[in-house]
Amino acid sequence: MLLTVLTAVPADSDWINFDVAALAQNFWSATFDGLTFGAIYALVALGYTLVYGVLNLINFAHSEVFIMGCYAVFFTLSFLGFGPSAPNLNFGQILVNIVLALIAAIIASAITAFLVERLAYRPLRKRNAPRLVYLITAIGASFVIQYLIFLWRGPLPEPALTMFIPSPVFEVFGTIIDSQQIIIVVAAVLMMVFVDQFIRRSRTGRGIRAVAQDPDTATLMGVNKEKIIVTTFIIGGILAGAAALFYVMKIPSGVQYNGGFILGIKAFAAAVLGGIGNVRGALLGGLLLGLIGNYGQILLGSSQWTDVVAFVVLVLVLLVRPQGILGTSLGRSKA
């Protein structure tokens with residue numbers, strides 16, 4: 001039996017390639033591309049962070065909230081005439097169409113998040129269900145949405161959609177930074193900063209932090225806990241919808257019924273890495289995970305290692321520093 005196992009492993013170890021030279025050669029391109037993917041992870045991770053901060057629960061159906069936004073982007077742009085090739089439109093027309101797709105994605109994801117909260121979580125809160133029941137219900141809701149999409153659209157990914165051809169903007173250390181990378185990273189960071197300030201400075205944000213810190217006391221002080229919970233899910237849905245637009249922009253053929261599962265795991269890993277329950281930690285964790293994943297796939301010689309790296313990072317963080325890098329709960333964040 002041992003001989004059989006040994007012969008099954010390639011003698012030259014071609015199945016893994018620890019290539020430091022390749023990483024050094026492609027370091028800057030991997031860095032900027034990693035930041036692009038990391039910005040998308042961060043937007044989705046914020047949905048996990050907000051729900052965990054308020055309910056102390058992981059909403060594993062959030063990946064399907066994201067993928068519904070991807071389908072909204074696909075159908076909106078398909079209706080507007082976009083296809084595998086970039087449309088022959090001027091900058092203003094492309095911008096208007098992308099904004100329309102963004103609005104559609106935000107609406108679709110926000111409605112999905114609202115329905116998940118109303119149909120899956122609210123009945124459990126009324127019954128004071130144990131935490132394990134919430135977890136099982138979230139996983140069940142995730143599979144239900146996945147296979148409803150499967151019955152509707154089938155197993156194959158949707159045809160590719162190209163919004164525009166990225167154009168080079170500037171060069172850093174011999175690496176071209178294009179317009180697509182700049183749009184995704186800058187827009188994602190601005191949205192994260194806006195949400196961070198909204199939670200820290202607005203009245204609704206103070207309500208979110210109050211419920212996260214002590215829901216019973218917050219209710220006695222006049223905070224509508226149910227309204228805050230719904231608002232939190234909707235904010236997470238809005239950010240997932242924005243991430244869906246950027247995801248389709250980056251991966252034109254990435255819309256598939258189970259396409260949100262792996263990205264959801266990566267976003268969850270990013271939230272844990274940065275400190276789940278911490279808004280700024282979601283941004284930091286997303287960007288770091290994007291970088292680590294890109295470095296890992298080049299170092300190990302295959303893009304398939306990107307997903308493995310995300311799981312390894314998740315396990316290591318849980319073992320070494322389970323509270324994450326920043327590790328401050330939403331309820332304890334400063335005003």
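In the predicted model, Asp196 and Arg200 are both buried. Their side chains form a salt bridge in which nitrogen and oxygen lie 2.9 Å apart. The two residues belong to helix α7, which spans residues 179–201, and because they are four positions apart in that helix, about one helical turn separates them. Asp196 takes part in a further salt bridge, with Arg280, where the closest N and O atoms are 3.1 Å apart. Since Arg280 lies in helix α12 and Asp196 in helix α7, this pair ties together parts that are 84 residues apart in sequence.

A network of salt bridges with shared partners joins Glu117, Arg118, Arg122, Arg125 and Glu226. Within this group, the side chains of Arg125 and Glu226 meet in a salt bridge with an N to O distance of 2.5 Å. Arg125 is part of helix α5 and Glu226 of helix α10, which covers residues 225–250, so the contact ties together parts of the chain that are 101 residues apart in sequence. The relative accessibility of Arg125 is 13%, and this residue therefore counts as buried under the 20% limit. Glu226, at 26% relative accessibility, counts as partly exposed. For the structure as a whole, the count comes to eight salt bridges.

Aromatic contacts were examined next. A search of the whole structure finds 17 aromatic pairs. Among the residues concerned, Phe27, Trp28, Phe32, Phe173 and Tyr295 are linked by ring pairs into a cluster. A contact between a charge and a ring is found at Trp152, where the charged end of Arg153 sits over the ring at 5.6 Å from its centre.

The largest pocket has a volume of about 420 Å³. Its lining comprises 21 residues, of which Tyr247, Ile251, Ile262, Lys266 and Asp307 are the closest to the pocket centre. Several helices contribute to this lining, with at least two residues supplied by each of α3 (27–55), α11 (259–274), α12 (279–300) and α13 (305–320). By residue class, the lining of the largest pocket divides into 12 polar, six nonpolar and three charged residues.

Backbone geometry was considered at two asparagine residues. Most residues other than glycine have a negative phi. Asn56, which is not a glycine, has a positive phi, near 55 degrees. This residue lies in the loop between α3 and α4, the latter helix covering residues 62–79. With a relative accessible area of 38%, Asn56 is partly exposed. Asn128 also has a positive phi, of about 50 degrees, although this residue is not a glycine. The position of Asn128 is in the loop between α5 (91–126) and α6 (131–153). The relative accessible area of Asn128 is 67%, which means that this residue is exposed, being over the 50% limit.

Gly301 is found in the loop between α12 and α13 and, at 47% relative accessibility, counts as partly exposed. Although Gly301 and Asp19 are 282 residues apart along the chain, their C-alpha atoms are separated by 6.9 Å. Val315 lies in helix α13, and a relative accessible area of 47% places Val315 in the partly exposed class. The C-alpha atom of Val315 is separated by 8.7 Å from that of Ala269, and the two residues are 46 positions apart along the chain.

Methods:
Residues are numbered from 1 along each chain as its sequence is written. This is a predicted model: local features need pLDDT of at least 70, side-chain atom pairs count only at pLDDT 80 or more; totals for chains, interfaces and linings use all residues. Side-chain values use heavy atoms; hydrogens and water are left out. On a 1 Å grid over the protein atoms alone, a cavity is a set of points where a 1.4 Å probe fits but cannot get out, and a pocket is an open set with protein on both sides within 12 Å along at least five of seven lines; lining residues have an atom within 4 Å of a point. Grid points are joined across faces, edges and corners, and a volume is the space filled by probe spheres set on the points. Ala, Val, Leu, Ile, Met, Phe, Trp, Tyr, Cys and Pro count as nonpolar, Asp, Glu, Lys and Arg as charged, and the others, Gly among them, as polar. Rings of Phe, Tyr and Trp (its six-membered ring) pair if their centres lie within 6.5 Å; planes under 30 degrees apart count as stacked, over 60 as edge-to-face and the rest as tilted. A charge sits over a ring if NZ of Lys or CZ of Arg is within 6 Å of the ring centre and within 35 degrees of the ring normal. Buried means under 20% relative accessible area, exposed over 50%, partly exposed in between (1.4 Å probe, protein chains only). A salt bridge is a side-chain nitrogen of Lys or Arg within 4 Å of a carboxyl oxygen of Asp or Glu.
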